[in-house]
Amino acid sequence: MNTTSAWKQIWDNRTLDRSVGSTLAQLMAADGLDSAFSQLGTDAWTAFVHDVADRLHLTPDHSVFEVGCGAGAFLYDLDRMGCRVGGIDQSAALIDIARDAIPHGDFAVADAADLDIEPRADIVVSCGVFLYFPSLDYARRVLVAMARKALHGVAILDVPDLAKVEAAQRFRIDAAGGPAAYADRYEGLEHMFYERDWIHLELAAAGLTGIRIEDQRIAGYGNAPFRFNAFAFRAPSAGIDTDRSGVRDE
């Protein structure tokens, strides 16, 4: 079984644990945010989502589409803000959870590389998904489709940083309880790491501007020091005022 198939099998077996607490906590657990690599609470996650919304200049009249939306943990608060939300995911089990938690959302089971360009969305995001892709060619295909679908901007979030791969691996092995425990639990479940420059160049090649790449910062999230976020926008004439927002090309 290849890495992509192995991860898909894990997500297909996810269920909603209603004993976890709030609806958001349940969605976070279904999306794997309750792993041994973090002590991530709902307050910190909500703060992260709202910070991303601010950076993307989201308002309640905007639509947000997520590639690899899982159970909908990232979209949950955006829906509550009044944004129109939707997404795709390979896992039918997770999509069923998202549909139940966010009944007004538009969700479908689909592979990220098969992302439909229409209907367009104001903002197209992926959060913690590029790490599961099998190759750079696959990632490029998804990124290009995201850029074509987006009317205003794109965010690629929680991306493993290739410059920090050794430190990230040491952290994960230690958090899992040592090399033997890590191998037993995660054999065949590797992550894809990316150069920041590669993401920047591909976003620019896809016709986006105002590109900004930043360190991931989420309180209690153990993987954050080894991850980054990327934001990019259509030209100001397409509806984003980069001078007002302070977001400019690096």
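Predicted model: local features only at pLDDT ≥ 70, side-chain atom pairs only at ≥ 80, totals over all residues.
A residue counts as buried when its relative accessible area is under 20%. By that cut-off Leu56 is buried, because its relative accessible area is 2%. Leu56 sits in the loop between H3 and S1. Leaving aside residues up to four places away in sequence, Leu56 touches Ile123, Val125, Val154, Ala155, Phe231 and Phe233. Along the chain, Leu56 and Ala232 are 176 residues apart, yet from C-alpha to C-alpha they are 8.7 Å apart in space.

With that residue placed, the whole chain can be considered. Its secondary structure comes to 10 helices and 7 strands. Of its 250 residues, 52% count as buried. Among contacts between residues at least 6 apart in sequence, 67% join residues at least 24 apart. The chain exposes about 11,300 Å², and carbon and sulfur atoms supply 49% of that area.

How helices pack is the next topic. Two packed helices are described by the angle between their axes and the distance between the axes. For helix H2 (residues 23-30) and helix H3 (residues 42-55), the axes cross at roughly 85° and come within 10 Å. H2 is therefore roughly perpendicular to H3, since angles from 65 to 115 degrees are given that name. On the H2 side, the contact is made by Leu24, Ala25 and Met28, and on the H3 side by Thr42, Trp45 and Thr46. Sorted by class, the residues in this contact of H2 with H3 are 4 nonpolar and 2 polar, with no charged ones.

A second pair is formed by helix H6 (residues 136-149) and helix H9 (residues 196-205), which pack at an angle of about 40° with their axes 10 Å apart. This angle makes H6 oblique to H9. Here H6 passes H9 in a right-handed crossing. The residues that meet are Leu136, Ala139, Arg140 and Leu143 in H6 and Trp198, Glu202 and Leu203 in H9. The contact of H6 with H9 contains 5 nonpolar and 2 charged residues, and no polar ones.

After H4 comes Gly82, with a positive phi near 110°.

Most residues other than glycine have a negative phi, and most peptide bonds are trans. Against that background, His57 has a positive phi, near 60°, although it is a residue other than glycine. His57 is placed in the loop between H3 and strand S1 (63-67). With a relative accessible area of 15%, His57 is buried.

Asp158 is another non-glycine residue with a positive phi, near 60°. Asp158 lies in strand S5 (residues 150-160). Its relative accessible area is 7%, so Asp158 counts as buried.

One peptide bond also deserves mention: the bond from Glu118 to Pro119 is cis, with omega near -5°. Pro119 is found in the loop between strand S3 (106-109) and strand S4 (121-127).

Methods:
Residues numbered from 1 in each chain as written. Heavy atoms only, no water. Axes fitted to C-alpha atoms, helices over the stretch in contact; angles between N-to-C directions. Helix = DSSP H or I, 4+ residues; strand = E, 2+ residues; numbered from the N terminus. Parallel < 35°, antiparallel > 145°, perpendicular 65-115°, else oblique. Left-handed = near helix turned anticlockwise from the far one by under 90°. Contact = heavy atoms within 4.5 Å. Nonpolar A, V, L, I, M, F, W, Y, C, P; charged D, E, K, R; others polar. Buried < 20%, exposed > 50% of the residue type's maximum accessible area, 1.4 Å probe, protein only. Areas by Shrake-Rupley, 256 points an atom, 1.4 Å probe, with all protein chains shown as cover.
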